[in-house]
Each structure stands twice: as C-alpha cells, then as structure tokens.
Amino acid sequence: QMYLVESGGGSVQAGDSLRLSCIASEYITSSYCIAWFRQAPGKERETVATIRGDSGDRPPVYADFAKGRFTISKDNRKNTVYLQMNSLKPEDTAMYSCAGGYTRFCRDWERPLSDFETWGQGTQVTVSS
C-alpha cells in the first residue's frame with residue numbers, strides 16, 4: 001500500500017514562502033488523487049488543493065483562500081507532490097497533511113475523506129505577523 005510522508009513545514013513571518021513536500025512510496029499513477037489538507041486548532045479540516053496523476057489532462061483544483069498564493073505540482077521522477085505557498089498569512093497557520101487514493105475527490109470535493117487510502121503524518125506551518 002502506498003504511504004505518504006510530508007515535509008517542509010516550519011515557522012515563518014507573514015509574507016514569507018514555504019514549499020511542502022508529500023513524498024509517495026510508489027509511482028503516482030494517472031488516476032491517483034493527491035490532496036493537501038490543513039487543520040488549525042479548534043477549526044474544521046479544510047481542503048487546500050488537489051492534483052491527479054494525469055495533471056496534464058486534469059488541472060489542479062484550489063480552495064478560494066489558496067488561489068493566487070499556493071501552487072500544487074507533481075514531480076513524477078521523485079514521486080512527490082509539492083505545495084508551494086507564497087505570501088503566507090497568520091491565518092495559514094495549521095497542520096498540513098497530504099492524502100492519496102483512487103478517488104474522485106480530485107473532481108468532487110464533496111466526496112468523503114474516507115475515500116482516501118493513505119494519509120501522511122502532517123507537517124506544521126506557523127506564520128507569525
């Protein structure tokens with residue numbers, strides 16, 4: 001079974017950038033969906049962005065708060081999905097996690113999270129003002 005490991009979190013100032021990595025243990029096939037989520041203390045989990053293995057045919061999808069600031073991308077050679085986060089704000093402070101699975105979630109964010117087969121352990125992002 002595929003497993004995922006996140007890295008790249010840290011403590012930064014508002015306006016700074018971070019690049020998170022979600023490293024997969026296996027090749028990310030065309031129909032595999034990778035999602036980045038975040039959850040701040042006391043708040044609901046939010047979907048940040050999603051990307052499929054065949055990202056050339058199906059473009060990534062972003063939450064409104066991520067559009068224009070965050071970019072999700074994939075490096076097939078490294079089995080890695082990145083989340084580039086620019087112009088970070090204090091409200092971006094959260095635990096960021098990636099999840100993967102053969103799910104239609106990449107096209108329909110209303111799909112249940114139980115569709116995902118594997119989750120990473122998360123990486124903390126803290127943005128101070």
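Is R111 buried, partly exposed or exposed? R111 is partly exposed, because its relative accessible area is 35%, a value that lies between the 20% limit for buried residues and the 50% limit for exposed ones. This report concerns a predicted model, and it examines salt bridges, a surface patch and the surroundings of one serine.

## Salt bridges

The structure contains 6 salt bridges. One of them joins R111 to D115, with 2.9 Å between the closest N and O atoms.

Another salt bridge pairs R38 with E46, where the closest N and O atoms lie 2.8 Å apart. The two partners differ in their accessibility class. R38 has a relative accessible area of 6% and is therefore buried, while E46, at 33%, is counted as partly exposed.

## A link between distant parts of the chain

R38 also meets D92 through their side chains, in a salt bridge with an N to O distance of 2.9 Å. This pair connects distant parts of the chain, since 54 residues separate the two partners. R38 belongs to strand β4, which covers residues 33-39, and D92 sits in the loop between β8 (80-85) and β9 (94-101).

D92 is buried, because its relative accessible area is 1%, and the limit for this class is under 20%. Through shared partners, salt bridges bring R38, E46, R69 and D92 together in one network.

## A nonpolar patch on the surface

Three residues, Y3, V5 and I23, make up a nonpolar patch on the surface. Together they present about 280 Å² of accessible area.

V5 lies in strand β1, which is formed by residues 4-7. Its relative accessible area of 35% is the reason why V5 is classed as partly exposed.

S31 is located in the loop between β3 (18-24) and β4. With a relative accessibility of 32%, S31 counts as partly exposed.

Which residues does S31 contact, apart from its neighbours within four places in sequence? The contacts are R52, G101 and Y102.

Technical notes:
Residues are numbered from 1 along each chain as its sequence is written. This is a predicted model: local features need pLDDT of at least 70, side-chain atom pairs count only at pLDDT 80 or more; totals for chains, interfaces and linings use all residues. Side-chain values use heavy atoms; hydrogens and water are left out. Patches are made of residues with over 30% relative accessible area and no salt bridge: like charges are joined within 9 Å, nonpolar side chains (Val, Leu, Ile, Met, Phe, Trp, Tyr) within 5 Å. Accessible areas come from the Shrake-Rupley method with a 1.4 Å probe; for residues, only the protein chains shown count as cover. A salt bridge is a side-chain nitrogen of Lys or Arg within 4 Å of a carboxyl oxygen of Asp or Glu. Helices (H or I, at least four residues) and strands (E, at least two) are DSSP runs, numbered from the N terminus. Buried means under 20% relative accessible area, exposed over 50%, partly exposed in between (1.4 Å probe, protein chains only). Contact means heavy atoms within 4.5 Å.
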